[in-house]
Amino acid sequence: MKPRLFSGCATALVTPMNQQGEIDYAAAENLIEYQIEQGAEALVVEGTTGEASTLTEKEREELAAFAVKTVNGRVPLIVGTGCNDTARTVCWSLNAQELGADGLLVVTPYYNKASQEGLVRHFFAVADQVKIPVIVYHVPSRTGVRMTPETVERLATHPQITGMKEASGDLSLAAQIAARCGSNLDLYSGNDDQTLPFLSLGGQGVISVAGNLIPHVMSRICSLYREGKQRESLQLHLKYLEVMNAMFCQVNPIPVKAAMAMMGHCGETCRLPLTSLEEEKKTFLKGVLERAALL
């Protein structure tokens, strides 16, 4: 059996920034402590929600090292290391491993729009070099690249490729991947609103944006389902569905950072080309949070 990094909710952490656009490490420490206290089963730094593509190489290394030290082995820490260049992805992956990451989240290479064979070679190039688990991250809306079930099945044969964050929004594709890969690949929803459907397909949980706000809820949805309490899991999922969907009223992570600011966790600053949430949408988001008793 391949090693399992986690089951349940892994929160895709925002990267807090001050008004000058510098990483706010005090807020980052508080966020990590909040996540662990509230029951997140794992944490992800430097993913899409963490604005990894705007971080310098020095910042990526410093933030990963800071997260490893702060988490201190209490939950698995997964570091996003993917980019559009295979050689750089391998370099960042080895660096994250050296810093103490428990696993890697590697996105399909964007912009270059690799063929299916190119995708396989890209992920194998990373997996061949590292000794910690690799989670493949599939998000076609961000990358312009879509993997086929056959490609994922090939990737699942590699002993270091243990999981997949499937964020295409296509449940039929997810079902095909589950059917082909079975226990050879841990499947995680990359969309909060599809957490329950993924669990029903045999998925292990969710890599969550909404988990920044409600890690206890996202974790509980998963644990209830695993305990055989599907009705209670469904009720909780539907209760917070509006919150999950509101996190995408504008491009991620703009809304979740605005929500975190409203809740007093960190500032709402994003780096260009991302900007602050529009005022009309802030009013909408505030209403969602109030209805969910989060404000």
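Biologist: How many cavities of 30 Å³ or more does the structure hold?

Modeller: The model is predicted, with local features needing pLDDT of at least 70 and side-chain atom pairs pLDDT 80 or more, while totals for chains, interfaces and linings use all residues. Residues are numbered from 1 along each chain as its sequence is written, and side-chain values use heavy atoms, without hydrogens and water. A cavity is a set of points, on a 1 Å grid over the protein atoms alone, where a 1.4 Å probe fits but cannot get out. The number of such cavities of 30 Å³ or more is 1.

Biologist: Which elements give two or more residues to the lining of the largest cavity?

Modeller: The largest cavity has a volume of about 90 Å³, a volume being the space filled by probe spheres set on the points. Of its 13 lining residues (an atom within 4 Å of a point), the closest to the centre are Leu13, Val14, Ala28, Val45 and Leu63. The elements asked for are helix H1 (25–37), strand E2 (42–45) and helix H2 (57–71).

Biologist: Which residues of H3 and H4 make the contact?

Modeller: Contact means heavy atoms within 4.5 Å. H4 contributes His122, Ala125 and Val126. From H3 come Thr86, Thr89, Val90 and Ser93.

Notes: Helices (H or I, at least four residues) and strands (E, at least two) are DSSP runs, numbered from the N terminus. On a 1 Å grid over the protein atoms alone, a cavity is a set of points where a 1.4 Å probe fits but cannot get out, and a pocket is an open set with protein on both sides within 12 Å along at least five of seven lines; lining residues have an atom within 4 Å of a point.
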